[in-house]
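Have the sequence and the 3D view open as you read.

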Amino acid sequence: MVSINRLVFALVVVAMASAVLLAELNGITAPKIKASQTAYKLKAVKKVLPPYDNQPAADRRVIPVTGGGPAEAKVEVDDELGKEGVVVYPAYHEGKLVGEAYSVVSHQGFSGDIEILLGVSPEGRVTGVEIITHAETPGLGAKIVSETSWKGKAEFVGRTLSDSLTVKKDGGEIDAIAGATISPRAVCGAVKAGLEAYNQALKGKLPATPPAAPTTTAAAQGAHS
Amino acid sequence: MADEQTPTPAPEPPPEGASTPPVVEGSAAPAPPAKAESAETAPAERSATAKPAGDAADKPAKKAKPEKKKKKKGLPEKELVLVGSSSPHVVSDETIPRIMYAVCIALAPAILVGIYCFGLQAVKVLLLTAAACIATEAGLQRLMGRKITVIDGSALVTGLLLAMTLPPSAPWWICTIGGMLAIGVGKQLFGGLAHNPFNPALISRVILLISWPVELTTWMKPGQGFANLGVDVVTAATPLGLMKEELIQKGSIHVVSQFHLMDGLFGLNQLGSLGETSVIALLVGGIFLFYRGYITWHIPVGYVTAVGAVAALFWGIDPSRFAPPAYHLMTGGLFLGAIYMATDMVTCPVTNRGMLIFGIGCGILTYFIRTFGSYPEGVSFAIVIINGAVPLIERWVRPRTYGHNLSAAS
Amino acid sequence: MKLSQVLTQGLWKENPVLRMTLGMCPVLGVSTSGSDAFGMGVATLSVLVASNLVVSLVKDFIPAQVRIPAYILVIATLVTAVDMSMAAWFFELHKTLGLFIPLIVVNCIILGRAEGFAAKNSVFSSIIDGLGMGVGFTLAITTLGCCRELLGNGSIFGLSLVGADFKPMLLMVLPPGAFLMLGFLAAGMRRVDMTLEARSRAAAEVRRKRALDLATGGAPLPVPPGFE
């Protein structure tokens, strides 16, 4: 019979070794993970915004918005800026604000929420839509993610709140997906809610010219370059 | 895992040494017949445990059942086979082909209405699906070295039933793949006739519906001429589809008020699957089957009543969001499912009480899938799900053996 | 056991997925496409090799009474390490596999090989075993993923192989398709085995006949008493 001390000793040694190893590895990977996350987000941001010459991730602002309803501008906590609200990524071109991108969540997906990134120009026109997360049926509702499988995704560009923002099946102008009406409809709802949030809360909240001395973190810069 | 076992070789072919073979051969020879016999007894044992002799004698209504179960084993008359099975032994001149072709006759009115409404498109779907089922059955039985029994008509019935649940304008490949799935996955994969736990036609329909939702939910309007094979048919939504659409979009339903009861009853002006539209035609066939004793009233009545009752309950709570019972009864595949699918002898319980529970379960589930599920129609899903619960139902309603008290029996 | 046997038994004869049906959760969960399945396979493979290595290293230090918690601790550490590394270097794949990466901890293959092999064998053969089992797992799940992707999406590893007229069978990329396809693959494997077995038996029979003929000159073998 092995004494209890021996058992405890063995487990403690294994646990300590694990802790040390993981702590070391965390030190190595944490900045990389952060950078990957930012780069991932930026990839979508770049797609929905017009050409820009600033760093949207570094220039981002958190604007408090009251949401609610079947679709709403996504309110999140930005750890780095220490604020809660809609995270808006601005795009400046030659010193002028040309667009801003922010996440909108629709709760009307076929299975679970659909989060889209919406790009809007200062006059309230859609500059692009990207699907960030969704749990739609593969091969059916999941077709919303790319233009090749859903033409409707590109059809939002240039529209404003006063334009038709519903799928053809509901009498609108946006292409639907055969067999999956709910998912495109949810995206339409999200775009609409996003534009409404823009008009009500976001418009004019960003500085019209790029911030002179961007307060950036090394990670965000590294990711963008 | 158990690592010590790995070095020992798995059962290898007999060693090559010349001394042992006679023994091996001697012991191997009787094995196949023994196996065959145990396979034959299995279904009989199943029905016997669920229905002890004493009880069957009490209730005359049940007599029909064991006869059918026995004949399901498909023993050809002139072949001498020794079968060990437990009582009750009932002699009857019912055979599988007789039952199957009677079902075909019963389906005829609904099929004729389908052909009248949807023309050559419907003929195409019927022929293709039935042919695919029969060909798959024959092909697989040949592949597995079994006796080819397509002549018994069970594959034909599966094919017709499947065709009747498909949209009348289903493309040719849906019909062929559907037939292959019904017999391949739904029936032969489980061991052939009487071994399948789920209704083969419905398994196939469910797979088709999940796999190709667009093709399976495109419904042609009836009355577009008979010779409409190469023509682009006009399509629209079914009553249940319309209702679901409206409910999701507006939160209330209005289509119900535009629905005519007569459309549902006669089905001449109704959208839907090939054979589900005419309630009257389905009832005529159902009465024929009932008269011949191939189905009892328990499942159809339990099923339809349950749908009606749950629908009435919800309709009473909020008529603006839930359709009235008549709407639920007269639309969709309710009667096709209740009379011909749920009553499938192989996949439903054997006791009357069990069948009643089975029917009511199907009905409740159908209503809930129709109203709260993501598909507009729930009959096929409901029956397949309750099929899976049949062993549990049988356990629950197992009749008491004469002379035993209840607690000992259960 | 010979090292070559240790390496190959996981590939076919004791394939963790298709023979031992271990670790079904990731197998069924992330085999919707060939590349996802391959990523999952490689992640499991690396954890398996590393855990076999560590467990066989520390096996003499760990008392038998606490070996299971100790092994789980080791495995959890390794899985967390793989999880973090994937998030850092293969972010998109990590995003797709999501929850299934941390779930490698409870994959039965890992603890099974640690307990069943690494705890009793040398470091080197434990690595070989982890490699064989891991590659077997990866092959099986990738095959499953490719089959499902081909039928359910018309592509393999994201490469479209079929024309626009092909109507993918959606069921195959949904959960029921995983079960169906796994069953078909296991049955196919069994079929191959049966064919091979029948062939080798026939060959053995021919050899036996020939040997008999040689020994008796073609005369029938005398029947031993009791077998008339």
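Which residues in the largest nonpolar core touch the most other members? Among the 200 residues of that core, they are A:Leu118, A:Ala190, A:Val191, B:Leu160, B:Phe358 and C:Val47. A nonpolar core here is a set of buried Ala, Val, Leu, Ile, Met, Phe, Trp, Tyr and Cys residues joined through C-beta atoms within 7 Å. A residue is buried if 20 or more other C-beta atoms lie within 10 Å of its own, exposed if 12 or fewer, and partly exposed in between, with C-beta atoms placed from the backbone. Helix α5 (96–143) of chain B gives the largest share of this core, 18 residues.

Before going on, please note that this is a predicted model, in which local features need pLDDT of at least 70 and side-chain atom pairs count only at pLDDT 80 or more, while totals for chains, interfaces and linings use all residues. Residues are numbered from 1 along each chain as its sequence is written, and chains are lettered from A and ligands numbered from 1 in the order in which they are written.

Beyond its neighbours within four places in sequence, A:Leu118 is in contact with residues including A:Val48, A:Tyr102, A:Val126 and A:Val191. Contact means that the C-beta atoms, placed from the backbone, lie within 7 Å.

Strand β4 (residues 83–93) of chain A has 8 of its 11 residues buried, so it is largely enclosed by the rest of the structure. Helices (H or I, at least four residues) and strands (E, at least two) are DSSP runs, numbered from the N terminus. Two strands pair if DSSP finds at least two bridges between them. The table lists the pairings of β4(A).

| Partner of β4(A) | Sense | Bridges | Bridge partners |
|---|---|---|---|
| β5 (96–106) | antiparallel | 5 bridges | A:Tyr92 and A:Leu97 |

Now for the hairpins. The one formed by β3(A) and β4(A) has 4 residues between the strands, and A:Gly82 takes a positive phi near 65 degrees there. In the hairpin of β4(A) and β5(A), with 2 residues between the strands, A:Glu94 has a positive phi near 50 degrees.

**A helix in chain B**

Helix α7 (residues 172–184) of chain B has 13 residues and should span 18 Å at 1.5 Å a residue, which agrees with its end C-alpha atoms being 18 Å apart. The expected span is 1.5 Å times one less than the number of residues. Buried residues of α7(B) include B:Ile174, B:Cys175, B:Met180 and B:Leu181. The buried residues of this helix pack against α5 (96–143), α6 (154–165), α8 (200–211) and α9 (213–216) of chain B.

Chain C holds 8 helices and 2 strands. Its radius of gyration is 23 Å, well over the 17 Å that the globule rule gives for 228 residues, so chain C is more spread out than a compact globule. The radius is taken over C-alpha atoms, and the rule is 2.2 Å times the number of residues to the power 0.38. Of the residues of chain C, 41% count as buried.

The contact takes 25 residues from chain C and 20 residues from chain A. On the chain C side, α4(C) gives the most, with 12 residues.

Note on methods: Contact = placed C-beta atoms within 7 Å.
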